[in-house]
Amino acid sequence: MTTSTRPGTVHVDEREARRVAEAARDTRWNKPSFAKELYLGRFRLDLIHPHPRPAADGDAATRAFLERLRAVCGELDGSVIERESRIPDEYVKALARIGVFGMKVPREYGGLGLTQVGYNHGLMLLGDVHPSIGALVSAHQSIGVPEPVKQFGSEEQKRAFLPRCAQGAISAFLLTEPDVGSDPARLAAVAEPVDDGETYEISGTKLWTTNGVVAELLVVMARVPAHDGGRGGVTAFVVEADSPGITVERRNAFMGLRGIENGVTRFDRVRVPAANRLGGEGDGLKIALTTLNTGRLSIPALCTGASKWCLKIAREWSAERVQWGRPVGEHAAVAHKVSFIAATAFAQEAVLDLSAHLADEGRRDIRIEAALAKLWCSETAWQVADELVQIRGGRGYETAASLAARGERAVPAEQILRDLRINRIFEGSTEIMHLLIAREAVDAHLQAAGDIIDPDVALSGKAKAAVKATGFYARWLPQLVTGAGQLPRSYQEFGLLATHLRYVERASRRLARSTFYAMARWQGGLEKKQGFLARVVDIGAELFAVAASCVRAQMLRENGQPAAVQLADTFARQSRLRSERLFDALWHNTDRADESLARAVLAGEHSWFDADVLDASEGTGPWISPPPAGPPSENVARRMLPSTRPE
């Protein structure tokens with residue numbers, strides 16, 4: 001993007017308008033992205049309809065594997081994991097024997113070579129047993145050693161590590177540190193080159209290392225200092241977990257995911273061969289972010305599986321529980337909740353499957369789609385589980401073990417609520433997803449707008465008047481970029497669902513106009529308007545979900561399942577109400593008052609209000625006292641699984 005020569009001023013002429021129009025039509029910036037086009041006000045239904053379908057030669061093998069997986073999962077007892085806070089070793093071995101840990105590893109390296117679609121369905125089955133198993137497998141395969149090695153490893157690295165991972169050598173991804181969460185550029189772990197660059201020595205501490213307690217292989221992100229032989233920077237390494245100097249200091253415990261093997265790992269001059277470095281020095285952040293693009297799809301897969309389970313429980317309970325002479329599901333108050341659960345679960349699977357198919361095609365830039373799927377599914381799954389608990393009332397709040405002890409069906413509704421909560425934080429919190437998607441969406445607008453907007457300078461009143469005087473936004477951008485003034489297409493082939501697609505088309509243009517107006521109004525200050533940007537992202541997420549649901553329902557109708565139309569229609573109606581509330585809140589909100597109050601609270605101006613609180617936690621952290629200066633003498637938490645390779 002270029003900027004105007006005089007900050008705070010805008011000059012637009014016919015040539016500029018033509019240039020913007022050409023840029024707006026140009027899809028060569030990137031491989032086409034349906035979601036990016038949606039934020040630009042261009043509803044490119046042709047990018048997702050007809051619904052993508054899997055390659056015919058992969059269907060039989062995938063179905064056969066999923067049947068084997070279903071049979072194995074049917075023999076596993078999730079209540080054991082919940083009670084013992086561990087996944088039994090024999091469960092891991094049973095999964096390894098059928099190839100679960102190599103689902104996405106290419107066949108030439110000993111894996112099953114499943115598509116993203118097939119892998120997602122496998123994760124949904126695993127999550128049905130217990131979400132901790134889903135976390136174990138997804139952390140190993142989506143972001144652990146297999147994915148970054150598959151994408152960035154040399155042939156030697158692939159042959160060294162991928163067969164081991166496929167056979168059951170658990171892996172982990174170590175990025176987060178005690179003082180580094182969503183800002184990996186601040187990594188403190190250091191990898192010093194030694195032995196003339198033939199080896200690196202890694203020192204530092206990693207926090208929340210999912211699978212780190214039981215892993216055999218680790219992907220570790222550490223900062224290489226600039227040196228004569230290289231540029232340095234954040235770099236990725238594959239590290240053997242039993243290397244001298246690695247200490248697992250503790251196994252962490254959480255609100256949910258009771259069986260997750262998540263710990264604190266310390267590195268003290270751990271020697272790693274340069275041959276184990278992934279990519280070049282300084283490529284670590286690119287590797288991490290690229291891995292997370294498709295890796296994020298594991299979260300909506302687990303969320304969708306959980307929501308479909310919630311629907312089953314809600315349906316059964318609401319039809320059987322009788323109050324005031326009628327099943328509770330026939331009372332409107334409960335019926336509305338059942339409808340929300342059913343419609344939302346359908347939309348989640350539509351968003352998940354569409355994103356996964358686009359990932360499998362390999363021709364699309366799916367950064368926004370994957371992020372939207374993670375954001376929207378994690379938020380709505382939490383709402384679905386909350387509604388299930390409400391439907392079941394006291395039995396929803398009671399633990400499954402307590403229910404069983406009283407002789408009732410052991411439905412773990414409160415557990416699913418606890419387990420799902422982490423998905424709004426895992427692999428990019430909701431707030432980070434809002435910022436990431438907003439940046440991508442606004443950047444697309446900036447590319448379209450070119451010189452019109454200076455991102456470093458807020459428009460003065462005079463400049464705003466200049467924009468208005470030129471009539472640029474009224475004459476050019478609404479027509480050439482957002483498509484305003486055009487009648488939506490009819491989408492007649494969608495029947496009942498056509499009206500929802502017309503709404504998505506109109507709403508996407510309205511969203512683009514709102515974004516352009518905000519860019520003109522706030523300029524460089526737009527990035528600080530996080531409330532506005534979050535609502536822009538959430539509107540786009542709803543529109544994406546409606547489009548995905550309609551396209552999926554149309555495919556299912558053509559395949560002999562016309563009932564899917566009712567699910568999609570009801571979801572679209574619910575979603576439209578949410579979108580309209582968000583549109584209104586773009587400009588009518590309490591953001592300024594909220595931020596002012598927050599500043600006052602942080603400054604201590606309202607400490608009088610909580611002065612009477614008893615706080616047993618004593619302190620604000622992250623450390624009440626400094627952590628030990630050096631590593632302990634032994635691994636106090638590391639637990640090696642027995643060999644999980646096929647017998």
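In which helix is the place of Leu-123? In this predicted model, Leu-123 lies in helix 6, which covers residues 116-129. With a relative accessibility of 0%, Leu-123 counts as buried, because that label applies under 20%. Leaving aside residues up to four places away in sequence, Leu-123 touches Gly-134, Val-137 and Ser-138, and also Ser-298, Ala-301 and Leu-302. For Leu-302, the separation from Leu-123 is 179 residues in sequence, while their C-alpha atoms are 6.3 Å apart in space.

Helix 11 spans residues 298-320 and helix 12 spans residues 332-361, and their axes come within 9 Å of each other and cross at roughly 150 degrees. Since angles over 145 degrees count as roughly antiparallel, the two helices are therefore roughly antiparallel to each other. The crossing of helix 11 past helix 12 is left-handed. On the side of helix 11, the residues that make the contact include Pro-300, Ala-301, Cys-303 and Leu-311, and on the side of helix 12 they include Val-334, Val-338, Ile-341 and Leu-352. Sorted by class, this contact of helix 11 with helix 12 holds twelve nonpolar, four polar and two charged residues.

A word on confidence belongs here. The protein has a mean pLDDT of 87, and 84% of its residues reach 70 or more. Over residues 1-30, however, pLDDT stays under 50, although the model has 61 contacts beyond four places in sequence for them. Residues 451-484 likewise stay under 50, with 88 such contacts in the model. Where pLDDT is low, the predicted coordinates should not be read in detail.

Note on methods: Residues are numbered from 1 along each chain as its sequence is written. This is a predicted model: local features need pLDDT of at least 70, side-chain atom pairs count only at pLDDT 80 or more; totals for chains, interfaces and linings use all residues. Side-chain values use heavy atoms; hydrogens and water are left out. Axes are lines fitted to C-alpha atoms, for helices over the stretch in contact, and angles run from 0 to 180 degrees between N-to-C directions. Helices (H or I, at least four residues) and strands (E, at least two) are DSSP runs, numbered from the N terminus. Angles under 35 degrees count as roughly parallel, over 145 as roughly antiparallel, 65 to 115 as roughly perpendicular and the rest as oblique. A crossing is left-handed if the near helix is turned anticlockwise from the far one by less than a right angle, and right-handed if clockwise. Contact means heavy atoms within 4.5 Å. Ala, Val, Leu, Ile, Met, Phe, Trp, Tyr, Cys and Pro count as nonpolar, Asp, Glu, Lys and Arg as charged, and the others, Gly among them, as polar. Buried means under 20% relative accessible area, exposed over 50%, partly exposed in between (1.4 Å probe, protein chains only). pLDDT is the predictor's confidence in each residue, from 0 to 100.
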